[in-house]
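Subject: Structure handover

Dear colleague,

I am passing on the structure below, together with some notes for a reader who is new to it. Please have it open while you read.

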Amino acid sequence: MSASTEGRTVKAGGMDQIFDRLAELLVDEVPVALATVIDETGEAVPATGESAVGRHLLVRRTTGGGVEVLGSLGDEGLDRVVSRDALGELSAGRSGVRHYGEHGEAREETISVFVESFAAPPRMLVFGAVDFTAALVRVAKVLGYRVTVCDAREVFATTQRFPLADEVVVDWPDRLLAEVGHELRRRDVVCVLTHDVKFDVPAIIGALATSVGYIGVMGSRRTHDDRLERLREAGVTDEELARLRSPIGLDIGARTPEETAISIVSEIIALRTGRSARGLSATDGPIHD
């Protein structure tokens, strides 16, 4: 039995059903959160003596932007608030304990809920099947990224050239982003490694429409200045342009494709962790000595 409420598809489910569904989603690498009541104070226990401890709520965001909820923690208000918070934790890839009132009230500690996020590996979309791409794929895989290489040129975008990539897509960047952009979150990354405005501009505009936490674009300062002009002509705002990291990577004096790949992932890590590190986009002068 299920009901749709505020864009949420809510289904009743026993423990076996919940864990069977969790197993299915994990096999398919679908991000999902499992909320479990782990503690409650005496006033939260109903007169029947039936405790909510051990009850589960499985929450995920569907492809169309809706929310699927399976199970219940014993109270409709609590279910609604916990499912909302679980989605927030899932987007950030975090797990932890949260506290609520009996009906989901904030700033109360009547009920303790452990939210466990089962997030798929962070994604890296690399646009441009160039020499630097193979090195970036190798380094990104070491860090646990699920890597997609995309280029519209069939002769260059092949699994033979990029055997470590999880997928190689022969298509235009904006078309791929239109298909998968709604799935991308702050943990995910877009790297544009081409120097052709026919690829760069659509790829950047498509990436800016997503929630990715890092958009890096390769090229010299002169190339980037020309690119910015074309992006502004296409209607991109200065606020949106501020999301771009170009020239791409940290200022470590990288020269080879491998060194450049390390420079790029170093900037990604520094941005994610909030550590201070000087990116090439924040410096002046030549990129190379």
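Strand β4 is mostly covered, with 5 of its 6 residues buried, where buried means under 20% relative accessible area with a 1.4 Å probe and protein chains only; strands here are DSSP runs of E of at least two residues and helices are runs of H or I of at least four, numbered from the N terminus. This is a predicted model, in which local features need pLDDT of at least 70 and side-chain atom pairs count only at pLDDT 80 or more, while totals for chains, interfaces and linings use all residues. Residues are numbered from 1 along each chain as its sequence is written, and side-chain values use heavy atoms, leaving out hydrogens and water.

On one side of the pairing, β4 runs antiparallel to β3 (residues 32–40), joined by 4 bridges, and L34 stands opposite L58 in β4. Strand β5 (residues 67–71) is also antiparallel to β4, with 5 bridges between them, and R61 has V67 in β5 as its bridge partner. Two strands pair if DSSP finds at least two bridges between them.

The largest pocket is lined by 23 residues, with E29, V30, P31, A120 and E183 nearest its centre. The elements giving two or more residues to that lining are β4 (56–61) and α2 (76–92), and α2 supplies the largest share, 3 residues.

Best regards

Methods. On a 1 Å grid over the protein atoms alone, a cavity is a set of points where a 1.4 Å probe fits but cannot get out, and a pocket is an open set with protein on both sides within 12 Å along at least five of seven lines; lining residues have an atom within 4 Å of a point. Buried means under 20% relative accessible area, exposed over 50%, partly exposed in between (1.4 Å probe, protein chains only).
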